[in-house]
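Here's a quick tour for anyone meeting this structure for the first time. Take a look at the sequence and the model, and then we'll walk through a few spots.

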Amino acid sequence: MRRRIIAGVIVAILVVALSFAPWIIDPYNLTLVTQIVIFGVVAISLQTLWGRGGQLSFGHAAFFGLGAYVYAVLTLKVQLPAGVSMLLAVVLSVVVALIIGYFLFFGGVRGAYFSVITLALALIGNQVAISWTPVTGGNSGLLGVPSLVIGPLDFSGPLGSFYLSVVVLAVALAITALVNYSRVGLIFAAIREDETRATFMGYNTSGYLTGLLALSVGLAALAGAVFAAASNFVAPDMLGALLSIEMLTWVAVGGRNYVVGALLGVVALRILNVQISTVLPTSWPLVVGLFFVLVVLLLPAGIVGSGVQLARRLWRPRAVPAAEAGS
Amino acid sequence: MDVIVSLLLNAAFLVSVVALVALGLGVIYGLLGVINMAHGEFVALGAYAAFLVTSSGVPYWLALILAPLLGMGAGMALQGAILSRLVSRPLDAILVTLGLSLVFQQILQAVFGAVPRTVANPTPGAIDILGATFPIFRLVAILIAVAVIVATILFLARSEFGIVVRAILQNREAASVNGVNAARYSVWAFGLGAALAAIAGALIAPSTNVIPLMGATYLAPAFVAVILGGAGRPSGVLVGVAFMAGLEVLLAPYIGATVARAGVLVLAIIAIRLRPDGLVREKKDRFA
Amino acid sequence: MTHQIQRRDFLRLAGGVGAAAVIGSSLAACAPPAQGGGDKDALKLGFLTSFTGLEAVLAAAQFQGFELAVNQLNESGGAGGRTISFVKEDDAADSKQTIDKANKLALSDKVNAVVGLVASLEREAALTVLPKAKTPLFYTTYYEGSYLDAHACDPYYVATGQVPNQQIDPLVPWLSDNVGTKYFVVGSDYIWPRGTSIRLKELVDEAGGSIAGEQYFPFGTTDFSQVLREIDSSGADIAWITLAGTDFLTFLTQAHQFGLKAKLVSLGMDDVFAHANPDAAAGVIASQAYFKSIDTPANTAFLDAYSAAYGADAPINAIGVAAYNAVNLIALAVEKADSTDTDTWMAEISSVEFDSPLGKVAVSATNQNTTSANFIGEVQPDGTISILEESDAVEPDLPGCSL
């Protein structure tokens, strides 16, 4: 219960602080913050799948990119209204996730095999984006993607995009909170800890995992569609391997077991990106790689995770029961 | 007729190179359970070794010795210094190799620059095979690749090293109880896997440009081939490679190269799903 | 019972503190920096190109042309007394990164103009943000003009590279006379190869020739063996290659290995590519606004300065010279307007003229592209390009564009 309150307070502070951002930050940095917020949603989606469900997705950018491209193609080529396109982007991606989940999870594919297959999916997505030029714009991508306008709500321009992303972040946080703190969340945790046992207790683990995948993919796709609407373009880079790895670093650095960790990871690494790219313009991947390696080796629980572990040790010194000694 | 011959020859070239890469990956995965996401960078390392050799005026063939040596060194360092600490955390090991692949690419770029490098063709000219024109060097490369693959399979099947490796594969704890230093063998095995990838890189270098990111092209097909073939069994790996790379090259002229690659990946995913233990049925008591 | 902090904990603590420190300092440093771009006594330029990625092979020459101009101008007093400074960024020949960096140069660094870019997709991407930010783009690479609805017509856009009527129109008749009329087109799959092919087809039709095949490849293609075979079996006289950057080099290497019979012709061939792989480039026909072997006093002086700065072996091409010209044109306009206010000096851009290494250069008032002569050359085995034909300067023709 205490954890929920702490988490809720942090989130509330975050959202309120963000609302004041446009008054404090100039338009250029506002677009950077908008990007961070959108990526925050992706990080949450990945953390949900990885930290909660224990399934590692190597190609999460594929779903982000899928949402972005579907939105772009539907608004630009099929000329559907922006709101409908965004909805369809999410729905389509969820359907894809359900198909993938059914195909893989119900087929017994787990762990490393699942991870490699998600990587293969990202590669497939990248190939399709690059070669299906009439639809996806090929290597050049699609420029001039319309912003989101739903009736009187106009989310175009830097300010509109910013508020759209904050709204989506709030929605994502609400959904993940609902899931995590519910019975379903406990089941996910049980599956992560020991799937066999969970199966023996009568839960259809494949079904739950597929549902979790759908949730994760839906959030990532929503973030992608919002990104497309906010920046008004899509490009194959949004489906790339580098972005997928960056997404993993956000969650790994921040802390894979905490939503707050995922958000912290995004903020930290994105800001680091901006700072470093002025000094070392072409070596950003080096920093990502090094950071990643060091964090996985030394701080596997991420910053927030390690912080929580340390806090527990320092502020509650008592006889450590044998069962806990291994953490 | 010459169309078919030309297709087959080109397929043979690409398949043999990818087979080398996949074999190395398979050794690593089969023995250590580590999916080495940095494997492509060993390929690039081998290609740059070839560049170093030829740009210093040394005959190209020395690259076929330098490349595996460099690859082996890098692989052994990687396993010994970093991955050995993650034996109990296989998923984290994969993540670390992912990060390291970025780091290696950047190191290669820092040392050699982002500009493409060329490796001079040691056997210029093309010959006529059944109506199809085929570069002599590609023919030589195929022969060398096949020789290395056969040698490696024999080595793993017959030598003491191979026997011990098989023992560790089957039961790590029992092997170490019997006095086998699993950690040291892991280091050597990783070195072997990396060396194979490096040779592939050296062989492909004269036909293409050497850029820091070149390894990525060979990683995906090699990966899927390994998983299709079943963990760590060389014959399975070869079947997987033939399936992946061969199918891609044969389909490409008819449906476009990128569609072919995407399609083959989809087929591979289906195959993994239907036969998670690999395409080749495992025969008991036989390792080859 | 006291809790002993073990070494493992200490390491973790140190790691966490270290990471927090890095992040904290980054956050602190994130406060918007004071901008110096509005200083009326200085001219600040942005240079953006593909230092890594597909077009990396062209980046050095383009940047060095740019930098040489800046240094020479600063040595002789700057742009009408204003010192020129610059910020350089890498766009990796990628749409997303181009947009990000263009935004940064325009909105954060607040440069007076952006110079550079190679691949047309970079230009298309940059043009979605730079005009909005009222920052002019000076594009220095030959391109497809306005074919296929390319964005090439904007008050905040100036091109110092050739367009098809300058680069392709002289070439096709020369090829008809000297090589043949049957073409096979191989290009990368984006707007430049497809756009230039349209003009090519128009000219080939006029010459009574034919196009035996046309194939486009995505970036990063590593094996061209199939299309090489198809070119040979089609009996084409000319292999018309509009592959970009690294893929172009790969194709040349493999064409050389396979012994392609058709004559290789490319709008992309220049001294930089010839220098990168002379063996594979030998025999290729090139058509450019500039070759190193141009024999004029202006070019000799330019090459002296260029090799003094970057080494006698450093290649330079039309793209690099166009960057050199762009900087000089900007400086002349700023000097004439005596102001760094964008709209003020941009109003003068089509009224200034520069004596460049490739001849007199002026910006057309109609479409803000530059006049250009053309040279047809053939790559020699030693990597130099010998000039076979020279045509007079023509105005750039961009149908549908009038500013």
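## A loop residue in chain C

Let's start with Asp338(C), which is found in the loop between α13 (318-337) and α14 (342-346) of chain C. Helix and strand names here come from DSSP runs, numbered from the N terminus: helices are H or I runs of at least four residues, and strands are E runs of at least two. The phi angle of Asp338(C) is near 50 degrees, a positive value in a residue other than glycine. Is Asp338(C) buried or exposed? Asp338(C) is exposed, because its relative accessible area is 52%. (Buried means under 20% relative accessible area, exposed means over 50%, and partly exposed is in between, using a 1.4 Å probe and protein chains only.)

Chain C has another such spot: Lys134(C) has a phi near 55 degrees, again positive and again in a residue other than glycine. Lys134(C) sits in the loop between α4 (120-126) and β4 (137-139) of chain C.

## What kind of model this is

This is a predicted model, where local features need pLDDT of at least 70 and side-chain atom pairs count only at pLDDT 80 or more, while totals for chains, interfaces and linings use all residues. Residues are numbered from 1 along each chain as its sequence is written, chains are lettered from A and ligands numbered from 1 in the order in which they are written, and side-chain values use heavy atoms, with hydrogens and water left out.

As for confidence, pLDDT is the predictor's confidence in each residue, from 0 to 100. Chain A has a mean pLDDT of 85, with 95% of its residues at 70 or more.

## Where chains A and B meet

Chain A brings 35 residues to its contact with chain B, and chain B brings 30 residues (contact means heavy atoms within 4.5 Å). Together the two chains bury about 3100 Å², and 81% of that is on carbon and sulfur atoms. Buried area is the accessible area (1.4 Å probe) that two parts lose on being put together, summed over both.

How many salt bridges are there between chain A and chain B? The count is one salt bridge, that is, a side-chain nitrogen of Lys or Arg within 4 Å of a carboxyl oxygen of Asp or Glu. Arg256(A) and Asp92(B) form this bridge, with their closest N and O atoms 3.4 Å apart. The most comes from α5(A), with 12 residues. Sorted by class, the side of chain A that touches chain B has 27 nonpolar, seven polar and one charged residues. Here Ala, Val, Leu, Ile, Met, Phe, Trp, Tyr, Cys and Pro count as nonpolar, Asp, Glu, Lys and Arg as charged, and the others, Gly among them, as polar.

Over all chains, the whole structure has 21 salt bridges. One of them pairs Asp194(A) with Arg197(A), their closest N and O atoms being 3.8 Å apart. Asp194(A) counts as partly exposed because its relative accessibility is 28%, and Arg197(A) counts as exposed at 56%.

Another joins the side chains of Asp223(C) and Arg138(B), at 3.0 Å from N to O. This pair crosses between chains, from the loop between β7 (210-217) and α8 (225-234) of chain C to helix α5 (residues 136-158) of chain B. Asp223(C) is partly exposed, with 22% relative accessibility, whereas Arg138(B) is buried at 0%. Chain C also holds a network of salt bridges linking Glu89(C), Lys101(C), Lys104(C) and Asp109(C).

Ala67(B) lies in helix α3 (residues 63-82) of chain B, and Ala67(B) counts as buried at 0% relative accessibility. Leaving aside neighbours within four places in sequence, Ala67(B) is in contact with Gly46(B), Ala49(B), Ala198(B) and Ala202(B).

In chain A, Thr136(A) belongs to helix α6 (residues 133-136) and is buried, at 6% relative accessibility. Not counting residues up to four places away in sequence, Thr136(A) touches Tyr69(A), Val128(A), Ala129(A), Gly141(A) and Leu142(A).
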